[in-house]
Structure formats: structure tokens, C-alpha cells
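I opened my notebook to look up a few things about this pair of chains. Here are my entries, in the order I made them.

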Amino acid sequence: MHVVVCINHIPDPEAPAKLFKLDAATNRPALLRANRVIGPFDENALETALQLKDSAGAKVTALTAGPATTVEALRKALAARSDGAVHVKEDQAAELDSAAVARLLAAAIKKLRDVDLVLCGRQVGDWDGGQVGPLLAEELGFACVTLARQIEPARDRAVRIAKEVPGGIAVVEASLPAVVTVTNAPTNQLRIPKVKDVMAAHRATISAWSGAGLSLDVSELADNARVTVRRMFIPDSGGQVELIQGESDEEVAEELARRILAMKVS
Amino acid sequence: MDFLVIELAARDRLTSGGAELIGGAWRLASASGGAVSVAVLGENVAEACRGAVAFGAGRVYAVESPLLVNYDAERYLAAAELAARESGASAVLFVADAFTAELAPRLAYRLGTGAVTGCVSLTLSPDGELLLNRPVYGGKGMAEMAVTRLPAVATVAPGSLEPAQMGGSRQVDAAPLRLPDQPESGEVKVLEVRPEESEGVRLEDAKVVVSGGRGLGEPANFRYLEELAAVLGAAVGASRPAVDAGWASPGMQVGQTGKTVSPELYIAVGISGASQHLAGMGRSKHVIVINEDPEAPFFKVAELGVVADYREVVPLLTEKLKALSH
């Protein structure tokens, strides 16, 4: 089984809000000081792929589209023992809408040819649209399953998936090839790489492809965006908290209890 | 501008989210000289169709079929596409949930257009363009988005829009649309659907929610929260890091990628207050934060705060509440 994991290299979603600024000229986020990390749900997808490698001998290829720096995310995927990595090197990738990103990634997946399973995080931790996975399934004509917590190989070229549905969990069987988006679960937290694998990943050569090499004109994709941002702003962070203080924890708890009862909520 | 609200009648009646979308769509439609249609898709749609009329839908499409069960995405997609094409609406709206997160982008693809997911408000620009507004970067920013082709497809987070008022007295008959028989594609077979196991009060329905995060220090300490919750008749929630650590079940997760709750009172214990978490509880009426770290960002959105070791304060609070409410 050949598993392709689509990963993104994004400003750390846990970075403090004060690092989030808008660039006045472009009206786009300027997050120069935040570290870049693999999207948290992309990590869950990557771990799921690596578990399929451990349990079923799957071959794992990490795939990303983005500027030159995005290669760091691929090196992390290699350090965690992905078998290969493909970088669709395009500076404009971060400005594309989900439909255009899906076209770009689908073209790369087609070029890889023998792909059985494509995994994505349920959403990228920056724009959180969650659309690229389902759109990839449409582009590729693959089966589509979203919000998987766990994926196991099944018989007859299929995978068995536990996935979130409104109010519960569904168990489904998807025939391959398929696109599956992965959500977080205690069982899919990305493993810590070994030092020797980190060193090997730094020396690895990573295939660099381009939109043009995939017969796609990226600036045309950008110009024909289906979804566009008209304006961005930073919302008010709210009011002032009233801290409850006292001589002792007992006093604090008593005052807090009185205040809760005064809210008449239960 | 004409709107189509697509309601998935999983529970045989119009959902509160559906009523909110009709309300939001109706306000924009009246401002722009348009109409609101509702399509109800499901196995049994009659009750939800009546609800849509009562909430003021101008036209109702009923797509009723025994094939529309068990979150079969292909069939629901075919039904949604049928309704969207039939209505000719300029905007197609869904209530955001774990199922429509998949349906909306795929429907947009099939209609040759684009989707915006997880919107929290809909507005019209001065020149009449529909703006779909949503949080980005975990709520640190807000973006006003537009779809450049018709129809715009969007999912709207439940609890975001003012519901329509009941009392449509007009007689509107639901127009049935026939879902063509589709041979089972067999690509995705649903083997089993089971409700999320939850003890006590359901998070989404709870008037009071007590949530814990990694600041609890260890999983067993959720018992302090359970004891407090029991006194308050509250549901217990958790942050994503607590779920990832295996301290709480995934069904307890509150946040942008977990449950969205809007209780009367939300008590956060040992949660730092990452914007992803705040996105799931931001519409709570009262917020109390208990955290040892006075720098925790959660304090910024709280009404009341306690900077203390929760291991001391929470059991005392439980005791005092018991004593005072007798």
C-alpha cells in the first residue's frame, strides 16, 4: 500500500495572540516571529500513515506545496521515517484557495501514479477550512472519508475507518484508492524521531517539483480563485476579568460559590 | 439575493441550527429583495418541512428517500446537488457539523463554485456582495470572504445567527424532489453508527459546563471536576491537549475542532485558553477561569478569575456550593 500524506508548514497555532498582526499593505497575516510547525492535524495524519507502515508495510510519501522553507516540514516527516518526500515548490501556494491547492496536490499525486491512500489533516491549523481533503477526492475520483480517528487495513483493497459523525462515531469500510482526512485522537500523536533519523533526514535529497512541471499555471490558478478574502481584522479580545481574592482558599471558594449561585444558572 | 438552506433531517424535525440559518438568510434576503427556500433531505422529512414553513421559508423542497440514511455522503451529495440546481439560489447554506464539513466543499466542486466553512456571520457588502465571515488562525483574526462564482456555498457554526421567529401562518406545500436511484457505489460502506458514549448531561445541552485541560496535571484529577459538575448539574468538557493526552474521551473535547457549547456558565480549570479552545465556548454567558498561572490567556475572556491551585479551590467550591444551596 502506498500512502501519501499531505502536510503543511504553518505558523505555530499555539503562538501567543500578540504575535498575530496584519500586514497593513497586503491585509494578510504577518506572523514573522512565530515558529513554523507541521499543522497539528497533519501530524495526526502522518502518524496514522506511519502506523500503517508498521502494521501493514505501507510505503509512506510526504507531500507538500509551498515555498522553499516548506522543505523543513518534509524533513521532519522523513525524520519520523517516511519513505520519501515530494515538494511542490511554489512561493504562491499559500495564497491559493482550497480548490487550487487541491488541483496542485492532485496533479502531484497523479504523477506519483501508484497511490492507494491519501491522508490529510482534517484542517490546517491556520485557515482551518478543512476543504482540501474532500476536494482532492473529487479531483482524483477517489473514495472520500473525513474525520478519521483510526485507520486499519481491511481485506480486498480496502481500509476500515472509525470516524466522527454528528453525535457519535461511525465505522466505515472504504475501497482504495481513497482520500481520508484525520482528526486528533490519543492514538495518533506523532512519534518522537530518533536522533540518527533526524540526521539522516537532513542529508536526504527531496524531489522538488513545480506547478509548471505538473502542467499547471499557478498564477492563473491564483487569478481564478473561487474563494477570495475581501478584508481581515483582529477581533477585540474582550473585557476585564475580576479576580476573586481572599485570605485563604476557603474564603475564595466561599465567595466564588456565592457568585455562582447569584448567576442562577442551575 | 435568493438563499437555499439545506437541512439534513437526521432527527426528523427542523434543528435549531436550521432555524438560525433561515433567520439569517431571511434578513439578508429581505435587505436585497430575495427569497429564502429550504430543502430538507432525509429519510423522514415531513416534520422538518412543517418546521421550515413555520419559521418562514418561502419555498420548501422535500428530498425524502430511504437511501438517505447513515451519513452516506454520496447520496446526500446527490440530493443536495438536486436541490441546489432546482432552487437556482445564489447562496446555499448548511449548519456546520461533522457531516456538512465534507458535503459543502464537495457540493461546491460539483456545482463548479467555491465554499466557505465555519462561518460565524453573513453580511452584505455596500455593493451587495455576500460576505462570509469566519475566524482564522484559531480566532486570532477574522476574515471576510467572498465566493467569486454562483452559488456561494457555506457552512455556518450553530449558535451564530439569530433564529427566525416562529409564526409563518402561510400555507406552503413542500415540493417533492425525487432522488434518482443510485446503484450503491460501494466506495464507502457504513458498517455501524454508534452515539458517542457520554455519562450524565450532554455537553451540547448543558446549562453549565466544567472543563479541564493539561493544567490538571494528571488524568485522575478529572474527578475533582466531576464532583463539581455533579453539584451544578453540569457536563464535563476538556481541551484538545487533555484529549490528546488520553485524559478525557474525544467526545468531551470543546473547541474549534470539538464540540461548540454555549452554556449559561462555563468553568475552565487548568486550561490555558488557546484561541482554538475559545472558539468552541466563546458564546457562553458567564465564564469563570481557575488557573495557577496568572498569565493564562483564558483570563482575558473571563468574567471571574481565580489564580490558585485548583486542587485546593475546586473541592472547597464543591463543598461550599453544597452547603449554600441547602
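I started with Asp116(A), which sits in the loop between helix 3 (98–112) and strand 8 (117–121) of chain A. Helices (H or I, at least four residues) and strands (E, at least two) are DSSP runs, numbered from the N terminus. Is Asp116(A) buried or exposed? Asp116(A) is buried, with a relative accessible area of 12%. Buried means under 20% relative accessible area, exposed over 50%, and partly exposed in between (1.4 Å probe, protein chains only). I then listed its contacts (heavy atoms within 4.5 Å). Leaving aside neighbours within four places in sequence, Asp116(A) touches Met1(A), His2(A), Arg157(A), Leu176(A), Pro177(A) and Ala178(A).

A note on the source: this is a predicted model, where local features need pLDDT of at least 70 and side-chain atom pairs count only at pLDDT 80 or more, while totals for chains, interfaces and linings use all residues. Residues are numbered from 1 along each chain as its sequence is written, chains are lettered from A and ligands numbered from 1 in the order in which they are written, and side-chain values use heavy atoms, with hydrogens and water left out.

Next I looked up salt bridges (a side-chain nitrogen of Lys or Arg within 4 Å of a carboxyl oxygen of Asp or Glu). Arg160(A) is in strand 10 of chain A and Glu173(A) in strand 11, so the pair ties together parts that are 13 residues apart in sequence. Arg160(A) is partly exposed, at 38% relative accessibility.

Then I turned to the two chains together. How many salt bridges are there between chain A and chain B? I noted seven. One of these pairs is Glu250(A) with Lys320(B), at 2.8 Å, N to O. Glu250(A) is partly exposed, at 39%, whereas Lys320(B) is buried, at 12%. Another is Glu102(B) with Lys163(A), at 4.0 Å, N to O. Glu102(B) lies in helix 4 (residues 100–110) of chain B and Lys163(A) in strand 10 of chain A, so this pair joins two chains. Both Glu102(B) and Lys163(A) are buried.

My last entry is on helix 5 (residues 222–232) of chain B. Its buried residues are Phe222(B), Tyr224(B), Leu225(B), Leu228(B), Ala229(B) and Leu232(B). Gly233(B) follows the helix, with a positive phi near 65 degrees.
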